[in-house]
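Hi everyone, thanks for making time. Have a look at the sequence and the structure on the screen, and I'll walk you through some of the side chains.

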Amino acid sequence: MEKQYLELCQDVLDSGVNRTDRTGVGTRSVFGRQIRHDLSKGFPLLTSKQTFFKPIAGELLWFIEGSSDERRLCEITFGTRDESRKTIWTPNALADYWTPKAKFPGDLGRVYGVQWRDWTRTEIVATKDNLSQDDGSHLYFDSTVRVTKHDQLAKIINTIKTNPADRRMILTAFNVGELSEMALPPCHMFAQFHVNEETRKLNCQVYIRSNDLFLGLPFNMASYALLVHMIAQVTNLTPGELIITIGDAHIYLNHIEQVKLQLSRSLFDLPTLHLNPEKTDIDSFTMSDFTLSGYNHHPAIKGDIAV
């Protein structure tokens, strides 16, 4: 996967188009690309630059917990809520466009983990009358509202165990009705799981609508690889293939030189991931249950996050 990742970066440099974007930084971009990796060939943590596993694992555990609290992410990852310790979500939590909407300091709204574990559906089940609005909405009077909660991740795991041939094992964070309630609309918005019943392998395809190749994609590759390993373990399967499909694949203009440096480097063999074999419940994993061995890498390359 790392070779494909670097080839994608080169593709963007060679054939991409410079575009403006919401951050004002500017990107070089292509549209519609895919990379894939057999997880039996090693854990896809980049070796062409040091990629820190701890923040990746911490964020995934935070998603699985269903939290919207950026300080809780800090606590899971680093063992402290101290404001001096920053996470990858700190800039979003403190962004001027978001803080007026936050319900408490550090609140990020209805982001990834909330959607994974607490997708909410609101339904009008009885009404005497409604009044149409100019914007196409309706005001309902004397109504009963039914609110239904959906734990997508738990349902997927149960479906893998009970009906592994199901084609609707979907995990989505792109809740159109709640995008305005999120500090950042989801980039990795959709994942589909698939069980090969002959080989007993669990596969996953992820769709990323918008992907920062220098900072974002290395994180996404490792995060979903870890998620596949975890779900495979709790469902008595083996990790299979991870496929990542990208809509807008881009390199921010202030990352161009960093990417060129990364492309000049040779590759090491991928590391191996070990999970605590005693963990059979997706909600029971902690940071201490993950171990990487054989991670050889080039030095880290710094780049600013565009917010």
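Predicted model: local features only at pLDDT ≥ 70, side-chain atom pairs only at ≥ 80, totals over all residues.

Residues are numbered from 1 along each chain as its sequence is written, and side-chain values use heavy atoms, with hydrogens and water left out.

Okay, aromatics. Rings of Phe, Tyr and Trp (its six-membered ring) pair if their centres lie within 6.5 Å; planes under 30 degrees apart are stacked, over 60 edge-to-face, and the rest tilted. How many aromatic pairs does a search of the whole structure find? Eight. Take Phe53 and Phe290: their ring centres are 6.4 Å apart with the planes at 90 degrees, so that pair is edge-to-face. This one links distant parts of the chain, as Phe53 is in helix α2 (residues 53–65) and Phe290 in strand β12 (residues 290–293), 237 residues apart. Helices here are DSSP runs (H or I, at least four residues), as are strands (E, at least two), numbered from the N terminus. Phe53 counts as buried because its relative accessibility is 14%, and Phe290 does too, at 9%.

Next, Trp62 and Trp89. Their ring centres are 5.7 Å apart and the planes sit at 55 degrees, so we call the pair tilted. Trp62 lies in helix α2 and Trp89 in the loop between α3 (70–78) and α4, so the pair ties together parts 27 residues apart in sequence. Both of these Trp residues are buried. They also belong to a cluster, where ring pairs link Trp62, Phe63, Trp89, Tyr112 and Trp116.

Some rings have a charge over them, meaning NZ of Lys or CZ of Arg is within 6 Å of the ring centre and within 35 degrees of the ring normal. The charged end of Lys49 is over the Phe214 ring, 3.6 Å from its centre. Arg85 does this with the face of Phe78, at 3.9 Å from the ring centre.

Last stop, Thr159. Buried or exposed? Buried, because its relative accessible area is 13%. Thr159 is in helix α6 (residues 152–162). Leaving aside neighbours within four places in sequence, Thr159 is in contact (heavy atoms within 4.5 Å) with Pro164, Asp166 and Met169.

Terms used
Buried < 20%, exposed > 50% of the residue type's maximum accessible area, 1.4 Å probe, protein only.
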